[in-house]
Amino acid sequence: ILGPQHTVEIIPHTAIIAYGKEYYFGQGIEWCSPHEFRATRGIHPIDIQPLGHTACTEQQFEDWCRAQAANGSFGMQSYDFFHRNCNNFSEEAARQGLRLLKGVPQWILDLPQKFLKSPMGMAVRPMLEQMQITNTAPTNVPSGGAGPTRASQPPASSPSVATPVANPWANIPAAKSTASAQPSSLPKQTSRATPLLDKQTALLSTDTGVVKICIDRLKPDQEHNEYLSKLADTEALWMQKDINSLHQYLRTVIENDTQNISSALMLLRLVVLRQSLNSDVSSNEEQSQSTQLVANLLMEDKLKSLATRSMAWCVLSNAIGSTQPPDWENCVGNDCVKLTQVIDLALSNSDPNKDGASSPKDVSLRQSAAAFLYNSARIVSDDGNDGTELSEGMMSILLGCFEHLPEETDVITSKRHHMAVGQLLKSHKFGETAVELVKDLGLVDGETSIGTNDELAGLAKEVAVLLN
C-alpha cells in the first residue's frame, strides 16, 4: 500500500550487544541480558552484525547512556518514531558511546523517510504525529513487574544475568520469521555452526607490567614520563594532544636511539590502543605515521633482533585491531607502505619452513605475525566493498595461511592461521567466493592442522565445515 517505489519489507528494531548485555531505546535507554530480552519480549534477531571492538569500559559506556538520558537526547519523553527511535539510538551508541567506526546500516536509518515519502506516509503522517504527543514511545517493559535497568536512573541491582560471554547470541532458537521476510539488502545468513570462530575477538597485546621498566630505560623528560606512566592504568582518561605527544616522542626514540627501540615499541603497542575523550583527525594521522614507521622498519629489515621484530608485529597487530585502525591505503610518499605489502611480509615472517623455525624466538615471531594476519583478516573482510570479489589483501591472507597450515607445528600460530582463514570463509559478503577459490586451487587435502590440541582441532573442524 506504500507504492512500488516505497516498499518496506520489515520495520526493524535494533539494539547494541556489549559486555554480555543488550542496550536499547524504548522508555528511555534500557539494558538487560539478551536472553532476558528475548524471553520477556518475544523478539528474536534475524540479523547480527559485528561492529568492532571498543576501548570503552562497561562503566564508561553506561555513564554515556545515563548522560544521554539526562540531557534529553534519549530520555523517557524523547522517543519519536521518525527521528529519534531505537535505530537512531543504536547508531549513536555505536559511534559515539562505544566510539566504533561502524554503526547501523544506512538502509535501516533511511526507512522512516522512505515511508514518509510514500503516498500512504504523507497521508497518515499528521495522525501518527498526533498519536506521539500522548504516547511518546513504544515500550517493552512488562507491566506490573521489575523492568530492566534504565539509564535515566542508577541501576538498583544487576539483572539476573549469566556471566558475560563472547557471543551472547549463541544457541538462540531460530527466529520465527522466515528468510523470505528479510529485506533483500540483508546479508545472507549461514546455517553452518562455527561457535569457536564466531566467539573470536581481536588479538591484542595489552600487558602493562613492563611500562615502568621501559620508562626507566628511556629516561624521558618529566612531561613524557607522566604520560607514559599513565599507560599502566587501563582506566585512565586521555586527551588527544597527550596521545599525539606520545606518538611523536616514541617515534623520535625509535628513529634515533637504536639501543632502546624494543622499549619504545613495547610502549607504542599500548599507545595505539588508547582512545581520547576528544578524538579528531590528528588521532588517525599520528596513528598512521607511527605504524608506517614501524612497517618500514620491518619492510627494510632494519630490526635485526627477532625479539624486536616480534614486538614490531605486536604494535601493528594492536593498531590494526584497534577501534581506530591506521589509514594506510591513502598515504602518499616514497616511504608509504600499503596494507597488502605488510600482509605479504607477515606471511613470510610466519612461514614455518624458514631456517631455525623451531627456535623459541622464531616461534614468537611467527605468533606475532600470525596475530597481525588474523586482525587484518577482520579488517579486510569488512572493508566496505559491497561486491563479492576478493581483494588482493584477502587473497594473500587466505592462500598464504592455507599454505602454512599443514607444516605449522606451533599450536598458537596454527590457531591464528585457522582463525584468519575462518574469518574470510565465513564472510557474509564473499565467503562463497573464498570457498570456491580454495577448492579450485586444491589447497585443502585432508587435515589442516598438526597436533592434538582440542581447541585447534575444533577450529580446524569448523574450517572444514565452512569448506563443505
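**Around the core**

Author: Let's come in from the side, at a loop. D301 sits in the loop that links α12 (281–299) to α13. Keep in mind that this is a predicted model. D301 is not a glycine, yet its phi is positive, near 55°. Its relative accessibility is 40%, so D301 counts as partly exposed.

Now step into the core itself. The largest nonpolar core holds 73 residues, and W313 and L425 have the most contacts inside it. Helix α13, which covers residues 306–321, gives this core its largest share, eight residues. What does W313 touch, leaving out residues up to four places away in sequence? The list runs L298, V342, L345, A346, N349, L365, S368, A369 and F372. Apart from this core there is another one, made of 16 residues, and A18, W31, C65 and L100 are among them.

Zooming out, the protein has 19 helices and four strands. Of its 468 residues, 49% count as buried. Take the contacts between residues at least 6 apart in sequence: 75% of them join residues at least 24 apart.

Then there's the outside. The protein's accessible surface is about 22800 Å², and carbon and sulfur atoms account for 52% of that. Some nonpolar side chains show up out here too: L237, M239 and L277 make a surface patch with about 290 Å² of accessible area together. L237 belongs to the loop between α9 (222–230) and α10 (240–256). With a relative accessibility of 66%, K219 counts as exposed.

Last, a word on confidence. The average pLDDT of the protein is 78, and 75% of the residues score at least 70. Over residues 131–147, though, the pLDDT is below 50, and this stretch has 23 contacts in the model beyond near neighbours in sequence. Residues 152–191 also have a pLDDT below 50, with 58 contacts in the model beyond near neighbours in sequence.

Technical notes:
Residues are numbered from 1 along each chain as its sequence is written. This is a predicted model: local features need pLDDT of at least 70, side-chain atom pairs count only at pLDDT 80 or more; totals for chains, interfaces and linings use all residues. Side-chain values use heavy atoms; hydrogens and water are left out. Patches are made of residues with over 30% relative accessible area and no salt bridge: like charges are joined within 9 Å, nonpolar side chains (Val, Leu, Ile, Met, Phe, Trp, Tyr) within 5 Å. Accessible areas come from the Shrake-Rupley method with a 1.4 Å probe; for residues, only the protein chains shown count as cover. A salt bridge is a side-chain nitrogen of Lys or Arg within 4 Å of a carboxyl oxygen of Asp or Glu. Helices (H or I, at least four residues) and strands (E, at least two) are DSSP runs, numbered from the N terminus. Buried means under 20% relative accessible area, exposed over 50%, partly exposed in between (1.4 Å probe, protein chains only). Contact means heavy atoms within 4.5 Å. A nonpolar core is a set of buried Ala, Val, Leu, Ile, Met, Phe, Trp, Tyr and Cys residues joined through side-chain atoms within 4.5 Å. pLDDT is the predictor's confidence in each residue, from 0 to 100.
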